[in-house]
Amino acid sequence: MELAPWNLKSIAMPLDFSLLTGQVRALGASLRASHDQRISRIEWACEQLHAQADRWEHWCQQVREKHARAPWLLACPAEPLDVVRDLPRCPQSYGLAASDGSQIDLDRHGPAECYLVNIGLVLLRYGEDAGARLWTEPRLYYEEKDLVLVDDRGRRYAVEGPLVHATRDVAEGQMLAAIARELPPSLPRLALQDGTLIRWPFHGFDPFVRDHYLKGYLEALDHLQMAGIPLASYISRPRAPEVTGLVRLFADPELERAGSYAEADPCQGLIDQLIFNALLRPGQRGPLFMSMSRINVEHYDAHQIHFFYLNTGRELARVEVPRWVAAEPALVDLVHALIYDQCQRGAGYPVALARAHEQAVVRETDRRTFRLLLESTLLHARLSTAGSLKQASKERTIV
Amino acid sequence: MLTATEQRIGEIIEASTTSFTAGTYRFLEAPPFGSLVRANVRDGAIRIYGLVYDIRTSSREPGGRAAVRGGPRYDGQEFYDEEVYREHPDLQEVLQTEFSALVVGFEWGDGRIRHYLPPQPATVHYSVFSCAVSEVLRFTESCDFFRTILYASQIPADDLLAAAVRRAAAARKHDRSYLLCAGRELARLLKDDYDRLRSLLRRIGD
């Protein structure tokens, strides 16, 4: 590659498109080539699912035996593999609760040690006595017990970053369980969350920290189960490869070739979404599976998360439910119908979740206002408001 | 719609010396165009009067836009107008009705109405009230506020003035002597613009 003469005055240029265009073209050609290959892999995967459809219990057994050894993710079938359910009738009247959260993480360079969790909450009622309530519940965490977790051996864990996120996950679940019980029991009801119900990020924590947060979250699921309110979550554009993993197991049941899949993987480039996109028409759902994520298998017990794919007409979504919902066909039908209805009302994405997100989101201006509020309060309390010098240097460049 | 008693109708969300904007407490229930409303100032006996010159309903989220919701649904049922709101109960929570009023005078706790700009603007987050007939009568006794409207910029001034005069006349059971008096005042103010005067008088007499 020829370099520009160094003594020519260079002009600041954000992106050199003359160099980039060729690479973008090469990317296009590569995608085209893999596209055709992928189509045939999807067809092959669909055929496999059909061929093994009636042996789902056998494969369920196989997955349970082998999931710990398999180097890829696996889904455990809970229904025949060729199940395609048409859209059930949506009840005229129903009630829906949803929650979503955001947080302002602890800022070590800020004026005070604290973090904020803001939960957006939504109660919707359709049909008779239709109505809506949208609100937020912000909570500031600043006490010692919020900032540091101490295990029984005295080991201390600072709550920041992923642990603040975990605090928010737990708060989302607990508040959802609390507000869902305000829906009239005479109506079909649903509690809805955005994203996965499997708290897999907790899996990377120390066991003490993991159990601390998981206990809080699973308690919320206990409350919903006891109140008889089905819980579901909606995952837009899912990237999970768990059913794909099951198809790979069909081809290699003894995991003999597990190590050499880099080149000859029959499912290369496949994800579940692509497979079910080929199998489901708008409104239809595919079979139920149980996720074999370790945290789900080992810690969720009665709540073990199951999932199915749903064609909402606009996209292929993944819907997750706890085991006690998956076990009741009537509840699965309800979840199926209500989520589809929500997507239609919300131009492709469940209205309740969109509203909860709008409530919860903390904008940049909110962050600044929060910081100013904190500083002025500390000032009134005659406490030092000084942030760190590092923070000051970020805010003002000295030249 | 002229009522015997005043009512709390909205809350000020933007205020300046010459105008204020309020969000209504009830969705889609704004005071009519040209009606007289009153706002208060914190720490003072000032009561500010304004004439509603703009009413709008839009998303509470900045940049948010309403989408078409009516028409046939996936299950074949069709929804229009009021049914759209029934099918989407969240809409009333995410949409907001607002109105803006042009400041046309104030009262300073002594019962005397001044038809010029107040020393302080209305206070944000304080309520806006609709004015009862008696207050409308008192405010429109003199026609001095006509000038403020005629020379206000970026508002539909002629339509606002015509609507305000029509409402003042209605409060007097369409008394001819009031209309004559208002017409004379307008003729004086617009003596150099015959076309504008004629079009204004036509709108008042309608």
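**Start with chain B**

Select chain B and look at its contacts (C-beta atoms, placed from the backbone, within 7 Å): among those between residues at least 6 apart in sequence, 70% join residues at least 24 apart. Bear in mind that this is a predicted model, where local features need pLDDT of at least 70, side-chain atom pairs count only at pLDDT 80 or more, and totals for chains, interfaces and linings use all residues. Residues are numbered from 1 along each chain as its sequence is written, while chains are lettered from A and ligands numbered from 1 in the order in which they are written.

Stay on chain B and switch to cartoon: there are 7 helices and 9 strands, meaning DSSP runs of H or I with at least four residues for helices and of E with at least two for strands, numbered from the N terminus. Its C-alpha atoms fill a box of roughly 65 × 45 × 30 Å along the principal axes. Of the 206 residues in chain B, 29% are buried (20 or more other C-beta atoms within 10 Å of the residue's own, all placed from the backbone).

**Now the sheet in chain A**

Next, select the strands of the open, mixed sheet in chain A: 9 of them, in the order 1-9-10-11-8-7-2-3-4. Strands pair if DSSP finds at least two bridges between them. At the edges, pairing on one side only, sit strand 1 (75-77) and strand 4 (131-141) of chain A. From one strand to the next, the twist averages 30°, with axes fitted to C-alpha atoms and angles running from 0 to 180 degrees between N-to-C directions.

Zoom in on residues 305-311 and 316-322 of chain A: these are strands 10 and 11, antiparallel and joined by 7 bridges. Click A:His306, and you'll find its bridge partner in strand 11 of chain A is A:Val321.

Last stop: helix 6 (residues 242-251) of chain A packs on the sheet, touching strand 1 and strand 9 (289-291) of chain A. The direction of helix 6 makes about 75° with that of strand 1 of chain A, the helix axis being fitted over the stretch in contact.

Key: Two residues are in contact if their C-beta atoms, placed from the backbone, lie within 7 Å. A residue is buried if 20 or more other C-beta atoms lie within 10 Å of its own, exposed if 12 or fewer, and partly exposed in between; C-beta atoms are placed from the backbone.
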